[in-house]
Amino acid sequence: MVDGTRELAMAAEPPRAAACRRWRRLLHRRSTVALLMCLPMILLIGGLVLYPALYALYLSMLNRRMTAFVGLGNFLFLLHRLTFQQVIFQSSLFAISAVLLKAFFGFILAHLMHNIPNRHQRIWRGLLLVPWVIPLALSTLGWWWLFDPSYSAFNYVLKDLGFTPVPWLGVAWPARLCMIAVNVWFGTSFFMIMYLAALKSVPEQLYEAAAIDGAGAIQKMLYITLPMIRNIISVTVLYSLIVTFANFDIVRILTNGGPEDSTHVFATYAFQVGIQSGDVPLGASVSLFMFPLLAVFAYFVLRNVTRRGKEMAV
Amino acid sequence: MRSTTLSRRRALKLGVAATALPLVHIRTAGAAGSVSIVFFDAWVQAGNTAMKKQVAAWSEKNKVEVKADFLSTANNQIVITENAEAQAGAGHDAYSFATWEAPTHLDYLEPMDDVMARLATTIGPPNDMAAYLAKSKGHWMAVPSSSGGQLKGCVGRISILKQAAGLDVMEMFPAAPGASPGVDGWTWEALLKAAEACSKAGKPFGIGLGTTGDSSDSAGCLFASFGAELVNAKGEIAVRSDAVRQALEYAQRLVKFLPPNAVGYDDASNNRALISGQAALIFNPPSAWAVATHDAPAVGADCWHFPPPAGPKGRFVSAVEYFWGVWKFARNKTAAKDLIEYLSQREQVEERCAATMGYDMPPYPSMMDFNVWADETPPKGTLYNYPIRPWHKAEAHISGAPAPPAIGVQMYNRGTMPTMMAKLKSGESIANVVGWAENELEGFLRG
């Protein structure tokens with residue numbers, strides 16, 4: 001009866017009033033409010049991330065003069081170039097070794113930090129975060145002065161100690177190692193702080209129970225610490241790998257890709273090809289080269305993280 | 001309701017006011033519109049001041065408001081902005097293009113034939129390299145400019161070259177008009193002997209083998225003087241030629257005497273090598289000397305500028321050319337062209353050249369006689385042979401020429417020639433180096 005009366009009342013309602021009521025109801029929904037509040041950020045991401053990314057994808061499929069569509073031609077062309085093969089090798093070496101080293105040193109530092117009493121921990125934590133807080137371009141300039149061919153501070157010390165000066169940035173392998181060292185110096189703090197946060201979230205009772213069962217330090221790490229912070233490790237490594245693959249500042253400032261193109265990474269090579277040499281489509285192809293691989297990697301890592309999260313919740 | 005009808009009295013008032021308007025109109029600097037332009041941010045700041053003064057004078061005379069921005073070449077700021085403007089189809093009306101940037105943006109530029117035709121009657125034609133870069137299908141697409149232009153000849157330490165290598169560069173290239181006594185003897189073979197002697201004396205020549213402009217320029221003038229073209233004017237790969245082989249055989253001997261870190265040189269490394277007293281000779285415009293006069297006065301007073309050595313095919317001086325172009329999308333093309341024409345006149349160019357202590361090199365042969373190069377000190381006359389004098393028997397050159405500019409720009413910016421020399425320094429054979437270059441050049445031919 002009630003429903004029937006309501007239907008009758010609605011039928012008698014003028015269409016404009018009904019539309020207003022529908023709008024009011026829509027605006028009162030939690031999801032609508034959430035969407036409206038997120039809208040500025042969605043527009044920002046759409047305008048500053050999504051649109052440039054899609055435009056870069058479009059550019060990468062054009063010919064040099066940007067007058068014809070060539071599909072994946074630019075990517076196939078790149079694969080046949082010796083210098084680009086060297087860029088793939090160098091980028092992979094740089095990113096993978098730097099991330100592994102950052103993860104390793106970050107893990108050790110986080111453990112050391114975790115075992116320092118809280119009062120002193122704050123100072124050390126602050127000091128260790130300094131490399132990560134200083135703008136990378138600025139700190140890399142500092143490193144460049146240490147390695148500089150004419151005024152290298154390291155060579156100054158080496159000469160004083162009676163050793164032969166080393167052309168740090170003038171020979172391929174020392175230059176590559178210098179790049180990796182600077183990146184590790186810069187990024188270890190990030191790993192440390194993430195791991196430290198994860199370590200602090202591991203319940204102390206688990207370690208106490210393990211100690212009662214007679215577990216040693218290594219067993220505690222293998223069976224308690226690592227499984228408990230596995231998700232943080234995965235996400236941190238994934239994030240760092242993406243950022244390190246896209247690194248520009250360190251190589252640009254230290255070697256500009258030299259000697260003999262041996263230290264170029266995707267970003268610096270893309271800049272040289274696209275902006276400096278006037279081949280914007282090929283530059284876009286270089287910069288997007290790793291995108292599919294990293295996307296697949298990110299998908300699997302994040303899927304595992306979600307799965308483990310659900311398992312832990314159960 | 002208020003009436004909107006126009007009464008006779010009101011119409012009369014409006015008519016009188018409209019007639020009187022031109023009589024009371026105040027002519028402002030922007031009366032004839034406005035124009036925006038990007039200038040190269042001069043290394044010597046006095047250059048910017050002189051430019052601003054000239055722009056203000058033109059603005060006042062023509063009643064056009066000018067918005068002038070000075071963008072730095074540091075970190076490629078000027079190049080990045082220019083690419084963004086080309087892609088967006090919006091931005092300044094006129095722009096300063098570095099060497100290879102004008103040919104890269106030909107499709108976006110307004111032809112400047114009218115300006116160049118008028119300039120030909122007042123200041124004459126520019127050098128061949130300017131035409132190579134800024135002329136397309138018979139049309140001038142940009143106007144060669146002195147602002148930012150430079151030549152990269154030799155800067156040598158007078159005392160070290162004399163003591164270690166027996167070269168009296170002040171006597172070879174005196175600061176006086178007429179034939180230089182040492183010009184014919186100054187060959188790449190002579191440079192090789194001097195490089196060996198100075199290297200043994202612990203003061204090697206600071207010639208870079210990196211992938212930056214200075215390295216490309218010095219390698220480019222070496223290759224050109226042997227007639228070695230990696231890609232010819234038709235766009236064909238010519239790396240497997242006798243001339244290239246001869247140039248590489250010579251380079252193989254030269255690189256032994258260059259510093260161990262020459263492969264890691266950037267554009268400032270050679271300057272620092274000279275200023276710090278480590279190098280006896282570099283290839284550079286007078287910027288290194290200008291800094292040395294302040295930071296290391298003894299070194300500055302011991303520097304002498306002279307042309308590069310000659311090879312079997314002649315003497316080539318690396319030229320960094322700048323251009324002023326007007327975008328097709330510019331809103332005030334007439335004013336932009338007029339401003340560029342005004343700034344290109346001899347009087348204006350000489351004033352700016354003097355302000356930059358002779359650093360800015362005009363690309364017009366008719367302007368090689370400015371007094372600033374004879375007057376600058378210390379030592380007196382050090383810059384006299386910085387411009388190309390007729391008796392130097394030299395010509396301006398750009399590393400990558402005569403290949404079509406779309407290919408030349410890649411050879412230059414990716415340092416193909418210095419990398420070939422760097423590979424020789426690391427012990428690779430000439431055959432391997434040629435093979436590598438061929439693969440690299442094939443990639444540059446992509447349409």
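Tutor: In this predicted model, helix α5 of chain B, residues 113–122, packs with helix α15 of chain B, residues 333–343, at an angle of about 25 degrees, and the axes of the two helices are 10 Å apart. Since angles under 35 degrees count as roughly parallel, α5(B) and α15(B) are therefore roughly parallel to each other. The crossing of α5(B) and α15(B) is right-handed. On the side of α5(B), the contact is made by B:Val115, B:Arg118 and B:Leu119, and on the side of α15(B) by B:Lys337, B:Ile340 and B:Glu341. Taken by class, the contact of α5(B) with α15(B) has three nonpolar and three charged residues, with no polar ones.

To place this pair, consider how chain B is divided: domain 1 takes in 34–150 + 320–367, while domain 2 takes in 151–319 + 372–444. The centres of domain 1 of chain B and domain 2 of chain B, taken over C-alpha atoms, lie 27 Å apart. Where these two domains meet, domain 1 of chain B gives 18 residues to the contact and domain 2 of chain B gives 21 residues. On the side of domain 1 of chain B that touches domain 2 of chain B, two or more residues come from each of α4 (101–104), α6 (128–134), β11 (314–326) and α16 (346–355) of chain B. Of these elements, α6(B) gives the most to that side, with three residues. By class, the residues on the side of domain 1 of chain B that touches domain 2 of chain B are 12 nonpolar, five polar and one charged.

Chain B has a second contact to consider, the one with chain A, to which chain B gives 33 residues and chain A gives 25 residues. On the side of chain B that touches chain A, at least two residues each are supplied by α3 (77–88), α12 (269–275), α18 (405–413), α19 (416–425) and α20 (430–444) of chain B. The largest share of that side comes from α20(B), with four residues. The residues of the side of chain B that touches chain A divide into 10 nonpolar, 17 polar and six charged.

For the chain as a whole, chain B has 20 helices and 13 strands, and the C-alpha atoms of chain B fill a box of roughly 100 × 50 × 40 Å along the principal axes. Of the 447 residues in chain B, 52% are buried. When contacts in chain B between residues at least 6 apart in sequence are considered, 78% join residues at least 24 apart.

From B:Pro365, B:Pro379 is 14 residues away in sequence and 25 Å away in space, C-alpha to C-alpha.

Methods: Residues numbered from 1 in each chain as written. Chains lettered and ligands numbered in written order. Predicted model: local features only at pLDDT ≥ 70, side-chain atom pairs only at ≥ 80, totals over all residues. Domains from an automatic or database assignment. Contact = placed C-beta atoms within 7 Å. Nonpolar A, V, L, I, M, F, W, Y, C, P; charged D, E, K, R; others polar. Buried ≥ 20, exposed ≤ 12 C-beta atoms within 10 Å, placed from the backbone. Axes fitted to C-alpha atoms, helices over the stretch in contact; angles between N-to-C directions. Parallel < 35°, antiparallel > 145°, perpendicular 65-115°, else oblique. Left-handed = near helix turned anticlockwise from the far one by under 90°.
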